[in-house]
Amino acid sequence: MLKREGHVVNHKKLFRLYREEKLAVRRRGGRKRAIGTRAPLLIPLRPNQRWSLDFVSDQFTDGRRFRILAIVDDCTRENLALVADTSLSGLRVARELDGLVAERGKPKMIVSDNGSEFTSNAILGWADRTRVEWHYIAPGKPMQNGFIESFNGRLRDELLNETLFSSLALARESLTKWRLDYNGSRPHSQLDWQTPNEFASTFPPRRALALRNMESSAPPPVSSTTYQGKTNAGNELKVG
């Protein structure tokens with residue numbers, strides 16, 4: 001029974017009147033999200049062909065939550081950045097990407113899920129301004145972004161689950177040390193047991209790649225992103 005201004009209203013009668021008058025509460029549609037590209041992804045054969053992005057969450061000893069933006073180069077498996085903060089907006093993600101582009105050159109593609117930060121106007125504007133293709137994985141299919149998912153598992157098992165963080169400064173310091181160790185001291189089975197830094201050193205210097213991307217916004221020639229003959233076979237990676 002429903003009460004209104006001292007009167008009792010039978011909910012069954014109210015429902016019957018709504019049906020007879022064909023009244024209905026308007027249903028709100030779901031938020032429209034950017035879908036980006038959905039083409040099948042090929043295994044990258046050179047640095048900066050594809051970066052993967054994702055967020056990892058953790059908490060301080062006092063219960064407050066913080067987030068970590070993880071960025072990985074899918075070819076070299078290098079961890080390009082671990083950005084920790086209590087709040088990470090799409091605008092902040094765009095600023096971090098600008099810093100990476102200035103350091104090592106522009107990626108050809110970026111892969112992420114459909115989170116609100118990655119589908120924000122700030123990110124859509126960044127992708128349009130830099131002419132970087134942004135690929136969104138299908139909803140509920142995290143393994144379509146398997147490189148970053150595997151990395152996040154390592155990060156959580158080896159650091160986040162084993163460490164108590166009392167402050168943001170301590171979390172950032174720990175993440176920096178772990179990242180340097182991961183890139184420089186961890187042989188990777190998919191890189192022929194080389195570390196990400198060692199494998200990356202087999203390619204042209206990053207500075208040359210960065211200068212090439214700064215001089216022209218046009219995509220690089222096809223010949224510069226593929227191998228010829230035996231060279232291609234030696235650097236082909238497996239998914240995993």
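Biologist: Why does Ser174 count as buried?

Modeller: This is a predicted model, and every value comes from its atoms. Buried means under 20% relative accessible area. Ser174 has 16% relative accessibility, and therefore it counts as buried.

Biologist: Where is Ser174 found, and with which residues is it in contact, leaving aside neighbours within four places in sequence?

Modeller: Ser174 belongs to helix α5. With those neighbours left aside, Ser174 is in contact with Leu159 and Phe165. Contact here requires heavy atoms within 4.5 Å.

Biologist: What makes the span of helix α4 close to the expected one?

Modeller: The expected span is 1.5 Å times one less than the number of residues. Helix α4, residues 146–158, has 13 residues, for which 18 Å is expected; from its first C-alpha to its last it reaches 18 Å.

Biologist: Which residues of α4 are buried, and what covers them?

Modeller: The buried residues are Gly146, Phe147, Ile148, Phe151, Asn152 and Leu155. Their cover includes the strands β3 (50–59), β4 (65–73) and β5 (79–85), together with helix α5 (168–185). An α-helix has 3.6 residues a turn, so residues three or four places apart point the same way.

Biologist: What is the order of the strands in the open sheet, and why are β5 and β7 called edge strands?

Modeller: Five strands form the open sheet, in the order β5-β4-β3-β6-β7, and their pairing is mixed. The strands β5 and β7 (133–136) are its edge strands: each pairs on one side only. On average, neighbouring strands of this sheet are turned by 20 degrees against each other, direction ignored.

Biologist: How do you know that α4 packs on the sheet?

Modeller: Helix α4 touches β3, β4 and β5, and its direction makes about 30 degrees with that of β3. Helix α5 lies across β4 and β5 and runs at about 170 degrees to β5.

Biologist: How do you know that β3 and β6 pair?

Modeller: Two strands pair if there are at least two bridges between them. Three bridges join β3 to β6 (residues 109–112), and the two strands run parallel. Arg50 stands opposite Met109 in β6.

Biologist: How confident is the predictor, and what is the mean pLDDT of the protein?

Modeller: The mean pLDDT is 80, and 72% of the residues reach 70 or more. Over residues 208–240, however, the pLDDT is below 50; this stretch has 44 contacts in the model beyond near neighbours in sequence.

Methods. Residues numbered from 1 in each chain as written. Predicted model: local features only at pLDDT ≥ 70, side-chain atom pairs only at ≥ 80, totals over all residues. Heavy atoms only, no water. Helix = DSSP H or I, 4+ residues; strand = E, 2+ residues; numbered from the N terminus. Buried < 20%, exposed > 50% of the residue type's maximum accessible area, 1.4 Å probe, protein only. Axes fitted to C-alpha atoms, helices over the stretch in contact; angles between N-to-C directions. pLDDT = per-residue confidence, 0-100.
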